[in-house]
Amino acid sequence: MTELKFEIRLETPADNEIIQNLHALAFGPGRFVRTASLMREGVPPVACLCHTGWLNGSLIASIKLTRVVVGSSAGLLLGPIVVHPDFASRGFGQNLIRNAIAEARDAGFRWIILVGDAPYYEKAGFTKSPRGKITFPGPVDPDRVMVMELEAGSLNGVTGQLLAPLPEPGRTE
Ligand SMILES: CC(C)(COP(=O)(O)OP(=O)(O)OC[C@H]1O[C@@H](n2cnc3c(N)ncnc32)[C@H](O)[C@@H]1OP(=O)(O)O)[C@@H](O)C(=O)NCCC(=O)NCCS
């Protein structure tokens, strides 16, 4: 049997079409109307935190993170993350998340938020955000709001509505 070699790489523009196909496969047409997805509209993800997962030379997974703010506190929104269903449950998703956390910390980000299933993201160290502490500008199940401090105490006192920051002039990320 061929050994499966999973490799994480920085996303390049050439990967875009395959990633879009993976999103269509995993999320279907409803993907564009989810609150987290609407928030990301028009806000490019952080380029150094967009990674692809390759298995024996084929792109089979992707993860992106986008800058967000709550009041004056800046952090990251994790997602979308996708792994091709043919290669599910081999640990690639957790692998991508852990890599993203390490890279985000190295890049100086202070916290990460996401909307997702607690049992899955708790494995990577996320915890449920207290109900109503951080709200989204659209419908989101409050029990699915998960957070991680990349610096101890970085979410202390951070409360209010999550917003996508306006892109800085001249920034291409
Ligand atoms: C969610 C997703 C990224 C997980 O990727 P993966 O590579 O299969 O995940 P891992 O191999 O790291 O972990 C698999 C384990 O997590 C479990 N798991 C997967 N999705 C889960 C979920 N939503 N809730 C709870 N557990 C989940 C699996 O059952 C499996 O459990 P096991 O190890 O006991 O068999 C992948 O299934 C996917 O792309 N799903 C569709 C897109 C999606 O929902 N993305 C997340 C929201 S942005």
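Read along the sequence, the chain runs β-α-α-β-β-β-α-β-α-β-β-β-β. That gives 4 helices and 9 strands. Both are DSSP runs, numbered from the N terminus: helices are H or I with at least four residues, strands are E with at least two. The radius of gyration is 16 Å, close to the 16 Å from the globule rule for 173 residues, so the chain is as compact as a globular protein of that length. The radius is taken over C-alpha atoms, and the rule is 2.2 Å times the number of residues to the power 0.38.

This is a predicted model: local features need pLDDT of at least 70, side-chain atom pairs count only at pLDDT 80 or more, and totals for chains, interfaces and linings use all residues. Residues are numbered from 1 along each chain as its sequence is written.

Along its principal axes, the C-alpha trace spans about 50 × 35 × 35 Å. Of the 173 residues, 31% are buried (20 or more other C-beta atoms within 10 Å of the residue's own, with C-beta atoms placed from the backbone). Of the contacts with a separation of 6 or more, 68% join residues 24 or more positions apart. A contact means C-beta atoms, placed from the backbone, within 7 Å.

Conventions:
Buried ≥ 20, exposed ≤ 12 C-beta atoms within 10 Å, placed from the backbone. Contact = placed C-beta atoms within 7 Å.
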